[in-house]
Amino acid sequence: MNAVSDKDVVAETFLVQIGYIPKGYDPKTQATGVRDSVPYRLFMEFFMGNMGKAWAVEELAALLDTTKPTIYRHINKLKSMDLLESIDVEFDGAVRKGYRIRYGDLSKAWSFTEANVGMAMENYRRTVSHFQSLARAEDG
């Protein structure tokens, strides 16, 4: 993948690999493909296009000509991977919750994600070991 120099090809690959965009995703809109879809554009144009800026959901919905629930659905996927952080922003004269790439840097955000995955795996390993020892004790 490092030999590929097309940012969009790498982005599509990454977004499918992490499960943000399902493999074989077919946008339900009249978009001409994944790159015109709301989830792709949300990630690439807004979150990656200006990583330091926090975006209000209302703002993103208006700019992407979609609904707030649609924006929240995609934001929640990215938040579940710890790639986004929330920051208060002003929008339409009111303070709203805004979202941006964690730390304003995808590499740092991904390091945070990896650390959390590592901790989760360690916790699973301990639970499995404890469960196994309980099961053995019951058999013995």
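## Surface and overall shape

Accessible areas come from the Shrake-Rupley method with a 1.4 Å probe. In this predicted model, the accessible surface of the protein chain comes to about 9,000 Å², and 51% of that surface belongs to carbon and sulfur atoms. Of the 140 residues in the protein chain, 31% count as buried.

The secondary structure consists of 5 helices and 3 strands, arranged along the sequence in the pattern α-α-β-α-α-β-β-α. The protein chain is more spread out than a compact globule, because its radius of gyration is 19 Å, well over the 14 Å that the globule rule gives for 140 residues. The C-alpha trace spans about 65 × 40 × 30 Å along its principal axes, and among contacts between residues at least 6 apart in sequence, 47% join residues at least 24 apart.

## The strands

Strand E2 (residues 84–91) pairs with E3 in the antiparallel sense over 8 bridges, with Asp88 standing opposite Lys97 in E3. These two strands, E2 and E3, form a hairpin with 2 residues between them, and Asp92 in the turn has a positive phi of about 55°.

Strand E3 (residues 94–101) is also joined by 2 bridges to strand E1 (residues 55–56), the two running antiparallel, and here Trp55 stands opposite Tyr99 in E3.

## Thr113 in helix H5

Thr113 lies in helix H5, which covers residues 106–139, and it counts as buried because its relative accessibility is 7%, where the cut-off is under 20%. Leaving aside neighbours within four places in sequence, Thr113 is in contact with Met81, Asp82 and Leu83, and the side chain of Thr113 reaches the backbone oxygen of Met81 at 2.6 Å.

Technical notes. Residues numbered from 1 in each chain as written. Predicted model: local features only at pLDDT ≥ 70, side-chain atom pairs only at ≥ 80, totals over all residues. Heavy atoms only, no water. Helix = DSSP H or I, 4+ residues; strand = E, 2+ residues; numbered from the N terminus. Buried < 20%, exposed > 50% of the residue type's maximum accessible area, 1.4 Å probe, protein only. Polar contact = N/O pair within 3.5 Å; in protein donor to acceptor, adjacent residues only side chain to side chain. Contact = heavy atoms within 4.5 Å. Pairing = 2+ DSSP bridges. Rg over C-alpha atoms; globule rule 2.2 N^0.38 Å.
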